[in-house]
Amino acid sequence: MLIEYLSLMRNIKKQSILLFATGLGIGLIPKAPGTFGSLLGPPLVLGMLWLNLSLPVYLLVSAVLFLVGVYLCDRGSQIIGRDDPGCIVFDEIGAFTVVLLPVFYLPLDLRFFWYSVIGFLWFRLFDIWKPWPVRYFDRIHGGWGIMSDDYVAAVMAAICLYLTLILLGWF
């Protein structure tokens, strides 16, 4: 009985890891799972901004998401049996906390939608294209590589978002 219970618990743990690593299953969409996974990033950031977190707490949450993501993505890829499988999208979701960092102090209004769209486009460009240094981090195996390349792409997207908002006169 104890062995059966422990076996069941292992399966529940694996299922839970895969559930979160795949962005509650959105990463299982057959076409462009990373793009669909990225769509969960803005609502996450919106919730964080709505909670009116201070900047240090916001950055701490982003760092915690990164570390949790290292574990989830590493274990998820081991369970699936492939290095950085496309269905694992927790990295795209967590990275959005960095993409939208330039709008942290801006009022939370309808413009947030447009900030998210612009940030989303920049992020997907860098995540798909993988210019240097994103490509360098993409070559790292396991959870550290899965998370790192997206967070580096997110930094690049955040810089471009900031410059785009300046060029549009929205800053």
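Helix 6 passes helix 8 in a right-handed crossing, a term that applies when the near helix is turned clockwise from the far one by less than a right angle, anticlockwise being left-handed. The helices named here are DSSP runs of H or I with at least four residues, numbered from the N terminus. The model is predicted, so that local features need pLDDT of at least 70 and side-chain atom pairs count only at pLDDT 80 or more, while totals for chains, interfaces and linings use all residues. Residues are numbered from 1 along each chain as its sequence is written, and side-chain values rest on heavy atoms, with hydrogens and water left out.

Two packed helices are described by the angle between their axes and the distance between the axes. For helix 6 and helix 8, the angle is about 135° and the axes are 8 Å apart; axes are lines fitted to C-alpha atoms, for helices over the stretch in contact, and angles run from 0 to 180 degrees between N-to-C directions. The two helices are therefore oblique to each other, since angles under 35 degrees count as roughly parallel, over 145 as roughly antiparallel, 65 to 115 as roughly perpendicular and the rest as oblique. On the side of helix 6, Tyr115, Ile118, Gly119, Trp122, Phe123, Phe126 and Asp127 take part; their partners in helix 8 include Asp149, Ala153, Ala157, Leu161 and Leu165. By class, this contact of helix 6 with helix 8 has 12 nonpolar, two polar and three charged residues. In this scheme Ala, Val, Leu, Ile, Met, Phe, Trp, Tyr, Cys and Pro are nonpolar, Asp, Glu, Lys and Arg are charged, and the others, Gly among them, are polar.

Helix 8 also packs with helix 5, at an angle of about 35° and with the axes 8 Å apart. Helix 5 passes helix 8 in a right-handed crossing. Residues of helix 5 including Phe90, Asp91, Ala95 and Val99 meet residues of helix 8, among them Ile146, Met147, Tyr151 and Leu161. The contact of helix 5 with helix 8 holds 12 nonpolar, two polar and three charged residues.

The largest nonpolar core has 39 residues, and those with the most contacts inside it are Val45, Phe96, Val99, Leu100, Phe123, Met147 and Tyr151. Such a core is a set of buried Ala, Val, Leu, Ile, Met, Phe, Trp, Tyr and Cys residues joined through side-chain atoms within 4.5 Å. Two or more residues come from each of helix 1 (2–21), helix 3 (41–50), helix 4 (55–80), helix 5 (90–99), helix 6 (111–129) and helix 8 (142–167). Helix 8 gives the largest share of this core, 11 residues.

Particular residues show these surroundings in detail. Methionine 147 lies in helix 8 and counts as buried at 0% relative accessibility; buried means under 20% relative accessible area, exposed over 50%, and partly exposed in between, with a 1.4 Å probe and protein chains only. Leaving aside neighbours within four places in sequence, methionine 147 is in contact (heavy atoms within 4.5 Å) with Leu65, Phe66, Gly69, Val70, Cys73, Phe90 and Asp91. Serine 148, also found in helix 8, is buried with a relative accessible area of 11%. Not counting residues up to four places away in sequence, serine 148 touches Phe66 and Phe137.

In helix 6, serine 116 is buried, with a relative accessible area of 7%. With residues up to four places away in sequence not counted, serine 116 touches Pro42, Phe96 and Leu100. Under that sequence limit, leucine 100 touches Pro42, Val45, Phe112, Tyr115, Ser116 and Leu161. Arginine 111, another residue of helix 6, counts as partly exposed at 37% relative accessibility. Arginine 111 and tryptophan 170 are 59 residues apart in sequence, and their C-alpha atoms are 9.3 Å apart in space.

Lysine 130 is placed in the loop between helix 6 and helix 7 and has a positive phi of about 55° although it is not a glycine. Lysine 130 is buried, with a relative accessible area of 18%. Aspartate 84, in the loop between helix 4 and helix 5, has a positive phi near 55° and counts as partly exposed at 30% relative accessibility.
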